[in-house]
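Subject: Model handover

Hello,

Here is the model for you to look over. My notes follow below it.

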Amino acid sequence: MLKKAISLVMVSLLLITQGGCDMANIKTLYGSDKLREAYPKVNENFNELNGDINVLKTRVDTIITTPIDGEAAAQELVDARDGESSLGERIERDLQSAINESKSYTDTKVAAVASGSPKGVYTSLSDLQTAYPTGTDGIYLVTDDGKWYYWNGSAWVAGGVYQSTGIADKTIDMRKVSFIKESTNLFNRYDVIVGKVILPGTGDLSDNETYQVSGFIEVRPNETITSVKIIRITFYDSSKEYISDVNNNSPNQDTPLTTAVPNNAYYMRISTLNNYNKVAQINRGNVLLPYEEWYTPYLVDIKANDLNDEIIENKHVKNNTISVDKVDFIQRSTNIFNINIVTKGFHISSSDGSLVENPDYNSSDYIEINPSTDYSYYGFNAVAYYDSDKRFIQRIHLSYNGQTATSPSNAKYIRVHYQPKAEYYPKQINESSSLLPYEDFYSTFSEGSGLSRLNPIITEGRIDASDRYMMDVPIDGIFTTNEVYSDYTDFSNSTASDVYTMFDNLMAQYPNYITKELLGYEATGLPIYVYYLNPEFPNASVATKVPKIFLTCGVHGKEKASTLVTYLLIKQMCEKWDEYPLLEALRFNVKFIIIPVSNPWGWNNFSRTNSNGVDINRNFPHEWYQGVEGTNTYGGAAPLSELESQYIKSVFDNNNDIVIMYDFHNFHTDSNGDYFLWVPTASGVYVQHMAQNLFSRLTRKWKKEYPFIPDNYFAGYTNTAKEGMIQNYAQSIGIKFSGTFEICWRWVLDTSSVPYDQTMCKTGVEAITNWLLINLNELMR
């Protein structure tokens, strides 16, 4: 009978392995190697059955081999049969029951997964765990990793990639590979449309000079993104049709905004302020990452195993990896700081190296350096170090008066910040343990490289000849006037209304050339006008590229010589251009915008400040400094707090093609000497060089004409500007040449001179005219 029981066990096991549990089908399942782990009850049942058989076998063997009383042996046999007619039938019954129970359990689990159809889909494993914390039958798909999951009795376990038969072409993005490096910042500040903003509710672009709009940026449906310094995010579908938009309504957009991409969105565009171009950021995930500038993705850790005879071909060189130091056809100055590429109104954070809004500071762009190298600095408050991926390392404090610091061993870039104080110019960074003689920043092609003829294009930013300013009359030479002007020695008593009458009379005589516009009224109700001088041009299919010059006068109300000289120049341009070729060039080739009285209350009251006691020339937002209320340089309660300043700014806002701007003033005495001219500048040393040329040119000329001018004398001097001035603002918004231009209201060297006399009028007109000609010559080089 025992042999029969064992035979039944053998048959049952054979049934299981050859189809009794449909194992052929089980073998076709994905992840079949996990099946034994998934259904441990099969093994448990067989183990339990084997245990019962062994116990029974022992009892049978004992009955057979152990001599006991017949009664006891008979009772034990009855117990072992458990109601069956024989012991073998009992074994066969129990074995079949165990097999049936295990097969039923296995078939149930197999049926749950054999079809390959998931019972549900969840974005992440945590979502699935939240939905079924104690498990459930069936398989479930998780889209984050593309795998199917099953409950193994105690946890959700991955069974492999769902229906994976291989990786389809074009299905792996850069985030899934280790050999491509891309920026965490999705905003490419070089791929923007300046002067546009995206309209909410439509996704359409609209004109707005304050804003810029990015190109289309790819996103994934339902992913999370976080941004800062971004006004609006607009989402589009796969056909780039508008879906929706999200606004960051926090003050200055400086609070990070986290949002979910719509489930049908594949692209986004962002709108941001122009001055946020270098600080705007948007990254994937629900946390704002440390700022990283966008860069073109590139390959990393790729070995060049196919070098032929140790020759490096183009394919072996990663883009943007050869520095200037490694080539012999580019030369650059010892000064590696370019003052023309700075972010104004920001300082560098000491905690993470990011830019933080601060109106008192300017910050440089990234500057490439060498690790473990001494660099000397002058005119900076701090330097921050970054590695080759522009990850922040540390920031150290610097002395404005000069300091040497050694770059960390893992440093590849630096950024510096500074307060734009006049006494710490010119600014410099050079590779050395000591400060070298100052050089302007430059990077040009070396002579003999075959590329040096391109240097004017590099330095002037001029590529297309059609983009050049052109004049139909030469502007080389020194302007001299032979006019005898009327007596203006009583001009100090003129009112703003008198000035407007003078300009209006010219406008009446030349209505096709001069027009005017009311900008508005200042706090006491006095009007402020702007005059436009627009030469006429022959018809053409393209617009003529004409230089536009903006002059402000009378910003300080008691400085009236600047307005008088400007009026005399315009009058002479209108009436006598045919006698003066250089005036003919200005009359017919330049557009002028002129505010003759920027501070009418100050003009009428012979006051430097306006009716609120504010110096208009300290009230502009760039490098604004409040100063002390009650003094004549008080900058106001806030930048642009004064109507006069707001009107001047509106002219800038409405004329973004201004290329030359000067705030025309006059002084009464100069503590630095008996000068007639003074040019404090905001556009750096280049404008100061032009001013030096003007002083040399006019001094040589005037020495021949005026005996009171000594031999060891120059007519003027130049230096840098103070805070919050109009010229600083002009320079900050990208106007090429800007500054303050000042003349004296009389020649101090001439003891017989009085304010606004004939000599002052004549030399004043010559000074401003030659100054404009020098600027125009440099503009067109």
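**What I found**

Tryptophan 156 is buried, with 9% relative accessibility (buried means under 20% relative accessible area, exposed over 50%, partly exposed in between; 1.4 Å probe, protein chains only). Tryptophan 151 is partly exposed, at 21%.

First, the ground rules. This is a predicted model: local features need pLDDT of at least 70, side-chain atom pairs count only at pLDDT 80 or more, and totals for chains, interfaces and linings use all residues. Residues are numbered from 1 along each chain as its sequence is written, and side-chain values use heavy atoms, with hydrogens and water left out.

**Overall**

The protein chain has 16 helices and 34 strands. These are DSSP runs, numbered from the N terminus: helices are H or I with at least four residues, strands are E with at least two. Of the 781 residues in the protein chain, 46% are buried. Take the contacts (heavy atoms within 4.5 Å) between residues at least 6 apart in sequence: 69% of them join residues at least 24 apart.

**Aromatic pairs**

Rings of Phe, Tyr and Trp (its six-membered ring) pair if their centres lie within 6.5 Å; planes under 30 degrees apart count as stacked, over 60 as edge-to-face and the rest as tilted. That rule gives 37 aromatic pairs. Tryptophan 151 and tryptophan 156 form one that is edge-to-face, 5.6 Å centre to centre with 65° between the planes. Tryptophan 702 and tryptophan 747 form another edge-to-face pair, at 5.5 Å and 90°. Tryptophan 702 lies in helix H14 (residues 685–705), and tryptophan 747 in the loop between strand S34 (737–744) and helix H16 (758–779), so this pair ties together parts that are 45 residues apart in sequence. Both tryptophan 702 and tryptophan 747 are buried.

Back to tryptophan 151 and tryptophan 156: with Tyr122, Tyr132 and Tyr140 they form one aromatic cluster.

**Charges over rings**

Here the rule is that NZ of Lys or CZ of Arg is within 6 Å of the ring centre and within 35 degrees of the ring normal. Lysine 240 lies over the face of phenylalanine 216, 4.7 Å from the ring centre. Arginine 587 has its charged end over the ring of phenylalanine 588, at 4.5 Å from the centre.

Strands S10 (residues 232–236) and S11 (residues 242–247) pair antiparallel over five bridges (two strands pair if DSSP finds at least two bridges between them). Tyrosine 236 has tyrosine 242 in S11 as its bridge partner. Five residues lie between the strands of this hairpin, and lysine 240 takes a positive phi near 65° there.

**Other positive phi values**

Most residues other than glycine have a negative phi, and most peptide bonds are trans. Lysine 390 is not a glycine, yet has a positive phi of about 60°. It is found in the loop between strand S21 (382–386) and strand S22 (392–397). Leucine 640 also has a positive phi of about 60° and is not a glycine. Leucine 640 lies in the loop between helix H12 (600–604) and helix H13 (643–654). It is buried, with a relative accessible area of 19%.

Strand S20 (residues 374–378) is joined to S25 by four bridges. Tyrosine 377 stands opposite isoleucine 429 in S25.

Which residues does phenylalanine 592 contact, leaving aside its neighbours within four places in sequence? They are Tyr513, Tyr531, Tyr532, Leu533, Ile549, Met573, Leu586 and Leu772. Phenylalanine 592 lies in strand S30 (residues 591–595). It is buried, at 3% relative accessible area. Its C-alpha atom is separated by 8.1 Å from that of tyrosine 531, 61 residues apart along the chain.

Glutamine 281 lies in strand S14 (residues 281–284). It is buried too, at 2% relative accessibility. Its side chain reaches the backbone oxygen of leucine 289 at 2.8 Å. Beyond its neighbours within four places in sequence, glutamine 281 has contacts including Asn185, Thr226, Ser227 and Tyr291.

Best wishes

Conventions. Polar contact = N/O pair within 3.5 Å; in protein donor to acceptor, adjacent residues only side chain to side chain.
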